[in-house]
Amino acid sequence: TSSLAAMVQMTYLTIFMTDCIKIPAGIVATTLLVARVIDFFIGVICGGIIEKVRMPWGKYRSWLLVLRWVIVFSIVCSFFDTSAWPLGFRVGVSFIGYILLNAGMSFTTNAYYALGPALAGANVNDRFRLSARGAQFMCVAMLITSALTIPLVKALTPVVGPGNAYLIVAVVFALPYIFGCQMISNLCKECDPSGKRKDNGMGASAVTLKDMVDSVIQNKQLLVLFMAYTIYYVGMYTISGLGTYYFTYIVGDFMKMSYSMTVCMVTGFVASLVMPKLGGKLGKKRSMVTALVIYALAYACVYFLGGHWVKYTICGAIGGAAVYMFSGFGANYFVDCGEYHLYKTGKDTRTIAITMYSVPMKIGMTLGGAIANFGLAFIGYQAGMTVDGAFQNKFMFLLAILPAILVLIGAVIMQAGYKITDEDAARYAAANAAKYAQK
């Protein structure tokens with residue numbers, strides 16, 4: 001349900017701002033860059049805030065229960081039709097909607113990921129199962145939004161106008177999040193560290209702010225993982241930021257985006273059932289490196305095979321399917337780094353390590369979105385423009401070659417620098433759990 005709530009904004013906000021409420025592309029790029037920088041800093045500190053703040057409904061569950069309402073409100077702000085208002089007002093409302101959604105998701109997502117190890121305990125197989133199921137259900141949510149968003153918007157546009165059409169669809173997809181948060185809260189009431197079963201291997205943290213900073217700087221494995229993930233997300237969000245423009249201006253048929261995304265999501269769902277098993281056999285490191293190489297090659301092919309949307313869809317489906325080799329492990333990469341740091345230093349900063357799982361995504365959204373939006377302005381994009389061959393070639397380089405290079409760099413960093421084996425991770429988790437059991 002969190003994916004249902006977030007996907008419409010993540011996929012369609014930029015083109016809504018440029019083409020529906022008529023904000024120039026350069027201003028959109030600057031607005032979202034500022035918002036994403038702020039969101040990045042919120043993402044960095046939210047783990048420490050979660051650790052220090054105590055609310056009456058549980059250490060982690062409280063954030064889900066409170067912020068779900070803020071997130072639904074943020075969707076309304078993001079897609080509120082302000083086209084008749086002054087430019088400053090349009091920019092301000094979109095800015096507020098973006099900040100509220102992504103800041104709210106920073107807290108709720110980190111609380112959610114912290115509940116995973118609390119529910120599974122030190123059992124790394126159960127942690128993997130939870131993560132893999134999460135990836136599969138996320139894929140289902142993305143399949144629903146990719147198949148239905150554009151057809152629903154086009155069907156509603158003649159009745160309520162394009163701006164209100166986006167708003168209605170976005171709110172419909174956001175409402176289930178209210179109930180999803182309640183389900184998680186009910187399920188995890190006993191294993192939340194403030195609940196009856198107490199810590200369950202994830203004890204209350206006594207770390208200082210200095211410990212939080214040191215846990216990232218001094219944990220070389222976390223730094224390597226952080227860099228590899230960040231560069232991958234920069235490439236991915238560059239592609240996603242340009243997708244709507246590709247189908248609107250290069251393909252010339254916005255509806256084909258729905259067909260393409262649906263095919264990719266169906267392929268992705270099948271991959272989410274199969275690829276995590278392959279990833280389990282390859283191990284975390286080999287899975288991520290292999291998947292990133294395939295992803296990079298797939299999008300390089302998008303450029304060399306030409307701009308036809310069917311070829312684009314096939315390449316995107318291959319790259320997206322490969323990603324499920326490692327996305328099934330989810331936050332467990334960062335949990336492993338936290339277990340490693342505790343095992344080596346005796347400082348329990350595992351929740352901070354989990355927090356870092358969402359930070360590369362924030363940086364990726366910031367830099368990838370900036371590359372996409374400023375790149376559009378740089379190559380001469382104007383809303384409603386007629387595309388010529390020179391513009392298309394520049395656009396396809398921005399869409400395909402640049403992200404492929406970035407993702408390949410991420411694969412090289414992971415291959416060269418990451419040293420935690422799956423066997424080591426299991427050993428660290430078991431030793432740390434035994435240590436806490438003696439207290």
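**Close-up views of a predicted model**

**View 1. Helices α3 and α4 pack with axes that come within 8 Å and cross at roughly 155°.** The model is predicted. Angles over 145 degrees count as roughly antiparallel, and α3 is therefore roughly antiparallel to α4. Helix α3 covers residues 61-78, and its crossing with α4 is left-handed. Sorted by class, the α3-α4 contact contains 17 nonpolar, 5 polar and 1 charged residues.

**View 2. Arg61 lies in helix α3 and is buried.** The relative accessibility of Arg61 is 10%, and buried means under 20%, so Arg61 falls in that class. With residues up to four places away in sequence left out, Arg61 touches Leu115, Ser185, Cys188, Lys189 and Asp192.

**View 3. Helix α1 (residues 2-20) and helix α4 (residues 87-120) have axes that come within 12 Å.** The two axes cross at roughly 150°, and α1 and α4 are therefore roughly antiparallel to each other. The crossing of this pair is left-handed. From α1, the residues in contact are Ser2, Ala5, Ala6, Gln9, Leu13 and Met17; from α4, they are Ser94, Gly97, Tyr98, Leu101, Asn102 and Met105. By class, 7 nonpolar and 5 polar residues make up the contact of α1 with α4, with no charged residues.

**View 4. Lys22 sits in the loop between α1 and α2.** Helix α2 spans residues 25-52. The phi angle of Lys22 is near 60°, a positive value in a residue other than glycine. Lys22 has 53% relative accessibility and counts as exposed.

**View 5. Cys191 is in no disulfide.** The nearest cysteine sulfur belongs to Cys188 and is 4.2 Å away. A disulfide is counted for a pair of cysteine sulfur atoms within 2.5 Å, and by this rule the count comes to 0 disulfides. Cys191 is buried, at 1% relative accessibility. Cys188 is also one of the residues touched by Arg61.

**View 6. Cys315 and Cys301 have sulfur atoms 5.2 Å apart.** Cys315 is buried, with a relative accessibility of 7%.

**View 7. Ser287 is found in helix α11 (residues 284-304).** Ser287 has 0% relative accessibility and counts as buried. Leaving aside neighbours within four places in sequence, Ser287 is in contact with Gly279, Leu282, Met325, Phe326, Phe329 and Tyr333. The C-alpha atoms of Ser287 and Val323 are separated by 8.7 Å, with the two residues 36 residues apart along the chain.

Methods
Residues are numbered from 1 along each chain as its sequence is written. This is a predicted model: local features need pLDDT of at least 70, side-chain atom pairs count only at pLDDT 80 or more; totals for chains, interfaces and linings use all residues. Side-chain values use heavy atoms; hydrogens and water are left out. Axes are lines fitted to C-alpha atoms, for helices over the stretch in contact, and angles run from 0 to 180 degrees between N-to-C directions. Helices (H or I, at least four residues) and strands (E, at least two) are DSSP runs, numbered from the N terminus. Angles under 35 degrees count as roughly parallel, over 145 as roughly antiparallel, 65 to 115 as roughly perpendicular and the rest as oblique. A crossing is left-handed if the near helix is turned anticlockwise from the far one by less than a right angle, and right-handed if clockwise. Contact means heavy atoms within 4.5 Å. Ala, Val, Leu, Ile, Met, Phe, Trp, Tyr, Cys and Pro count as nonpolar, Asp, Glu, Lys and Arg as charged, and the others, Gly among them, as polar. Buried means under 20% relative accessible area, exposed over 50%, partly exposed in between (1.4 Å probe, protein chains only).
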